[in-house]
Amino acid sequence: MAALLLRSANGGIRCLTKGPAFITTTTTATSSSFGFGLLTKLRRSYSTTISQDLLNKKVQVYQSTSKDPYLNLSIEHHLLQHSHPDSYVLFLYINDPCVVIGRNQNPWLEVNLPALQEAEDIKLVRRRSGGGTVFHDHGNVNWSVICPPAVFDRDRHAEMVVRALKDLGVTTAKVNERHDIVIAGDGRGNGKDLFKVSGSAYKLTRLRSLHHGTCLLNSPRLKNIGKFLRSPGEPYIKARGVESVRSPIRNVDINTDEFTKGVVDEFLAMYQEQFGEDVKVERVGEEVKDMGNIRKGMDELTSIPWIYGQTPQFTFSSRPTEDDPRERPALDLDVQSDFNIEFTLRHGEVQTANVSGLKYEGPAMDEDLYDGMASQALAKGSDDESPLKLYEIQDWVTVLKSATAGQAFKVSDSSLNSISEWLNKVFPGNHFR
Amino acid sequence: MASIARCLRIARPSVVSAFAQSSVRIARPFSVTANNELRKYTREHEWIELSDDKKTGYVGISSYAAKALGDVVFVELPEEGKEVQAGDALGAVESVKSAADINAPISCKVIASNLTLEESPSTINKVPEDHSASGGWVAKVQVSEEGIKDLEKLMDEEAYKEFTAAEDH
């Protein structure tokens, strides 16, 4: 693996390699340079709070020592809400494997929930910023910049990251019209096809503007990302809210430490001199978990009503409807020829339900009547009062059985099982097991 | 909505230069209709229009904000009964991957939300300052006593026009 040594403007040394990185970072560089010298400036204290003094500094840089996506987003939100309105803040974090949907998205539409259930170690996260669905793991670095609204610009800090990438040899990196960062070919001049390596999203409050983005550096799961972001329910779901836009992706092939240092350098080049401060990289992590606001933020982000219930209104229908006339995949279920199942959901709760074409066992087969009764029952939850919550369903078998509970008729076992098996694949409850 | 002024500057340079060229001094013509005393604007580009008895009002985002935001793809409406102080978040809009807070112009309590915006978020782009049944208003609110005082800090239509013209430079 050919290694290129570059002397940076400040006298530090940076190491570049092509392909998987074997760089070992050193801490022996001169302490005054921004490059490796940053490591010697890391604050060693592990305070259990982020002090207001720190939050009032003109220029702040934080790096997370935690890989918990819910904690990292809560730290980020705390920085957004409590950093001084005139300050410029950079926060960098890496997450354990997770799928992250935007504020106003639909997990049943955007995410392969059964695949998540099977994988067991991949979390599902709904963030507070807008935009589409992305996948994070240890090969991806998240960067977040918080600044005053007066200087907010959707590309400004994406360009900052592009500069960092260029400094690291990724010469064809650029920001596209969707505010994503793309590279041509391998980013070093081989190949012309564009690949997305970073997506952006924003959260704008009255006093502050937040821009955060990903960067695919060396994810080992690159080939599988597509699988997690393709929902088997997609052919049946029509949703309000925000849909993702697909792009071909690839790894930049850079070590995460190198990238992180590069981004910090570019951020400081933009702001440190301007405000004449000596900025240290503050490490934050598990130790701030119990700070009031951060604890509150985490409780919200890990709650089922947030992850699943914050879903804008949508419909699920096994057949084309006026509203959603797309052709559906052919079904191979033990049902009548007029089989149809339709739901309208708000906040992840069933508002209306309609079934027809189930196979029943029971006296005097008035199937239309049974269908009507089952439809009504399906809309209700187990307590018969409140609506059925989609995200509480563990197995559709139970739900379908309860639709005829207390009646003289029931859905035949084979019909019940085949429909449940299908629904558990395309329209499961939550992914927690 | 505070960040959106900057969005406008970046997204539509032609609009900005038109403003720059055409207005050295804005001459104030005599208006045929009286300045609507019941309509006020915030520096963050929200508006409130009060009923005649000043007990209730409609809240929304200004045309200036709607243009700057770009195509709104989703509106997060406030819950009925929600009580807010001036400046608190009263819902949000999403456009161009940005979740942007809509802030309460005055202290108030939400009586109703405009459900049309759930079905058709683009209504807020088309008729953002319209508070009729088919308009792009966001919430109907009950005005508290504190709210009446908050009104004094807001801009009337003329002042808001000057404010936005100045922002584009």
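Visitor: How many salt bridges does the rule find across the interface of chain B and chain A?
Guide: There are 5 across that interface, where a salt bridge is a side-chain nitrogen of Lys or Arg within 4 Å of a carboxyl oxygen of Asp or Glu. Before we go on, this is a predicted model, in which local features need pLDDT of at least 70, side-chain atom pairs count only at pLDDT 80 or more, and totals for chains, interfaces and linings use all residues. Residues are numbered from 1 along each chain as its sequence is written, chains are lettered from A and ligands numbered from 1 in the order in which they are written, and side-chain values use heavy atoms, leaving out hydrogens and water.

Visitor: Good to know. Which side chain does A:Asp180 meet in a salt bridge?
Guide: The partner is B:Lys97, at 2.7 Å from N to O. A:Asp180 and B:Lys97 also belong to a salt-bridge network with A:Arg178 and A:Lys196.

Visitor: Which element gives the most to the side of chain B that touches chain A?
Guide: That is strand S7 (98-103) of chain B, with 5 residues. Helix H1 (4-11), strand S4 (72-76), strand S6 (89-95) and helix H4 (116-119) of chain B are among those supplying at least two residues each. Helices (H or I, at least four residues) and strands (E, at least two) are DSSP runs, numbered from the N terminus.

Visitor: What is that side made of, by class?
Guide: It has 8 nonpolar, 5 polar and 9 charged residues. Here Ala, Val, Leu, Ile, Met, Phe, Trp, Tyr, Cys and Pro count as nonpolar, Asp, Glu, Lys and Arg as charged, and the others, Gly among them, as polar.

Visitor: How much area is buried between the two chains?
Guide: About 2200 Å², with carbon and sulfur atoms giving 47%. Buried area is the accessible area (1.4 Å probe) that two parts lose on being put together, summed over both. The contact (heavy atoms within 4.5 Å) takes 22 residues from chain B and 30 from chain A.

Visitor: Switching to chain B itself, how many helices and strands does it have?
Guide: Chain B has 7 helices and 9 strands. Of its 169 residues, 49% count as buried, meaning under 20% relative accessible area, with exposed over 50% and partly exposed in between (1.4 Å probe, protein chains only).

Visitor: Which residues of helix H7 in chain B are buried?
Guide: In H7 (residues 157-167), they are B:Tyr160, B:Phe163, B:Thr164 and B:Ala165. Their cover includes strand S1 (39-41) and helix H3 (63-69) of chain B.

Visitor: Over to chain A. Where does A:Ser66 lie?
Guide: A:Ser66 sits in the loop between strand S3 (59-64) and helix H3 (69-82) of chain A. It is buried, with a relative accessible area of 3%, and its side chain makes a polar contact with that of A:Glu286 at 3.1 Å.

Visitor: One more pair: which parts does the salt bridge of A:Arg326 and A:Glu234 tie together?
Guide: The two side chains meet at 3.3 Å, N to O. A:Arg326 is in the loop between strand S16 (314-317) and strand S17 (340-346), and A:Glu234 in the loop between helix H7 (222-228) and strand S14 (237-239) of chain A, so the pair ties together parts 92 residues apart in sequence. A:Arg326 is partly exposed at 30% relative accessibility, and A:Glu234 is partly exposed at 38%.

Notes: Polar contact = N/O pair within 3.5 Å; in protein donor to acceptor, adjacent residues only side chain to side chain.
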